[in-house]
Amino acid sequence: MRITQGTFSFLPDFSDSEISAQVEYCLKNNWAVSVEFTDDPHPRNTYWEMWGMPMFDMKDAAGIMHEINQCRKAYPNHYVRVNGFDSTRGWETVRLSFIVNRPKHEPGFQVLREEGPGRRIRYTLHSYATEKPKGERYKD
Amino acid sequence: MNPDSGIPQNLPDDTPVDLAGAFRDSRIQEVLDQLDRELIGLKPVKTRIREIAALLLVDRLRKGLGLTSGAPSLHMSFTGNSGTGKTTVAMRMAEILHRLGYVRKGHLVAVTRDDLVGQYIGHTAPKTREVLKKAMGGVLFIDEAYYLYRAENERDYGQETIEILLQVMENQREDLVVILAGYKDRMEEFFRSNPGMSSRIAHHLDFPDYSPQELLSIAKLMLERQQYYFSAQAEKAFQDYILRRMQMPHFANARSMRNALDRARLRQANRLFARNQAKLTKNDLVTIEAEDILASRVFKEGLPDDKAAVRQGAIK
């Protein structure tokens with residue numbers, strides 16, 4: 001099941017030049033761009049691992065593309081996303097976040113139902129991938 | 001080349017080429033004119049910049065006709081004594097290359113050894129890469145580049161920086177231009193001990209020392225920018241000052257001129273203060289008189305001002 005998280009997630013995967021153009025857009029708006037990766041893509045997991053520090057004071061996308069590619073090389077079977085952080089007062093938040101790398105095989109999620117008081121049903125999601133310990137998910 | 005990129009593949013050999021039009025569109029003449037106006041002398045440097053501009057422009061036209069145009073290597077080394085305008089030209093170079101579309105952003109990142117070389121094992125590579133990343137799309141200017149290589153210490157981390165630099169200079173030519181700068185003799189030594197670096201640098205530009213006449217024009221240009229003027233006697237005195245100062249140690253071309261003018265302004269202000277009763281006009285405020293220049297220690301003791309100050313301090 002293809003995971004749809006962040007911006008552009010219903011579009012086909014971006015090519016490098018398309019990613020570069022998006023990064024260029026972030027830089028044009030003075031957003032700090034960062035690269036993050038994870039093997040636990042639960043929609044509520046906001047804490048992905050950081051690939052180095054967020055990159056401030058960058059003028060061109062080439063340097064950031066280099067970091068993205070380094071991260072993709074190190075974690076070819078993880079999810080990798082690019083964030084654009086706006087530090088303007090009043091915003092101080094991530095303005096753009098999109099996935100640039102995903103595992104070849106995405107097993108998807110199971111809906112779990114829990115019986116509550118008064119026969120009420122509570123729903124939650126369970127990622128099949130997280131059944132394996134960290135580091136062993138998305139091996140194939 | 002991509003067949004659907006819209007670039008014609010096989011044009012007849014007599015397809016007309018609008019070189020003049022392309023030249024106009026790039027607005028490169030503006031920058032070259034500005035260079036001529038604001039930089040006195042430096043003939044060989046200006047000639048080379050013109051050549052580079054021509055090459056890039058022709059390359060762009062070739063690309064438009066679907067001819068191969070491998071990105072030429074534009075890494076440069078600027079050699080010359082201090083105060084000959086290396087940094088200023090580097091800044092202009094970034095702008096020129098940007099107008100010609102060779103670099104994407106056209107900013108200049110000026111660094112020295114401290115910004116590139118780390119303090120412990122494993123510190124250098126990330127530090128160098130950080131600087132390189134910031135310079136991407138622009139020009140990286142490494143001042144006094146020979147400090148990167150220390151022959152007496154083979155475990156010096158500078159070597160690591162040089163290796164990373166070489167790699168990027170070779171593989172990411174379209175992403176950034178590297179300019180190395182420093183004194184001529186020490187740069188030559190640096191290139192001798194790093195042949196890899198030397199062979200990757202296509203343009204070696206030598207900045208000649210200025211002649212006394214050029215120095216005077218530079219000084220006048222600097223004054224003009226600060227809205228001051230020499231009186232006729234002051235100009236003569238300053239000519240004399242230049243000739244004397246050039247013979248002294250630690251002469252730094254245009255930089256010495258700037259320092260001398262700063263001190264002349266100081267003395268002018270003092271002089272105006274000393275005769276506080278007299279009526280002042282706007283003319284008094286903008287004119288540097290001969291006495292402001294003749295008060296310099298260069299005339300009195302035959303020593304540059306800053307050196308004399310140091311000596312005086314020692315006596316006290």
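Predicted model: local features only at pLDDT ≥ 70, side-chain atom pairs only at ≥ 80, totals over all residues.
# A chat about chains A and B

Biologist: How many residues does each chain bring to the contact?

Modeller: Chain A gives seven residues and chain B gives nine, where contact means that C-beta atoms, placed from the backbone, lie within 7 Å. On the side of chain A that touches chain B, two residues are nonpolar, two polar and three charged. Here Ala, Val, Leu, Ile, Met, Phe, Trp, Tyr, Cys and Pro count as nonpolar, Asp, Glu, Lys and Arg as charged, and the others, Gly among them, as polar.

Biologist: Okay, chain B. How many helices and strands does it have?

Modeller: Chain B has 16 helices and seven strands. These are DSSP runs numbered from the N terminus: H or I of at least four residues for helices, E of at least two for strands. The C-alpha trace of chain B spans about 80 × 55 × 30 Å along its principal axes.

Biologist: And what share of chain B is buried?

Modeller: Of its 316 residues, 31% count as buried. Buried means 20 or more other C-beta atoms within 10 Å of a residue's own, exposed means 12 or fewer, and partly exposed is in between, with C-beta atoms placed from the backbone.

Biologist: Which residues touch the most other members of the largest nonpolar core?

Modeller: Val23(A), Leu97(B), Val139(B), Leu140(B), Val178(B) and Ile179(B), in a core of 70 residues. A nonpolar core is a set of buried Ala, Val, Leu, Ile, Met, Phe, Trp, Tyr and Cys residues joined through C-beta atoms within 7 Å. Leaving aside neighbours within four places in sequence, the contacts of Leu140(B) include Val109(B), Leu132(B) and Val178(B). A second, separate core has 19 residues, among them Leu215(B) and Ile288(B).

Biologist: Switching to chain A, in what order do the strands of its open sheet run?

Modeller: The order is β2-β1-β3-β4, with antiparallel pairing; strands pair if DSSP finds at least two bridges between them. The edge strands are β2 and β4, each pairing on one side only. Strands β1 and β3 of chain A are joined by seven bridges, and Phe37(A) has Val80(A) as its bridge partner in β3(A).

Biologist: What lies across that sheet?

Modeller: Helix α1 of chain A lies across β1, β3 and β4, at about 165 degrees to β4(A). Helix α2 of chain A lies across β1, β3 and β4 too, at about 5 degrees to β1(A). The axes are lines fitted to C-alpha atoms, for helices over the stretch in contact, and angles run from 0 to 180 degrees between N-to-C directions.

Biologist: Last one: is Asp57(A) buried or exposed?

Modeller: Asp57(A) is exposed, with 9 other C-beta atoms within 10 Å. Its phi is near 55 degrees, a positive value in a residue other than glycine.

Terms used
Residues numbered from 1 in each chain as written. Chains lettered and ligands numbered in written order. Contact = placed C-beta atoms within 7 Å.
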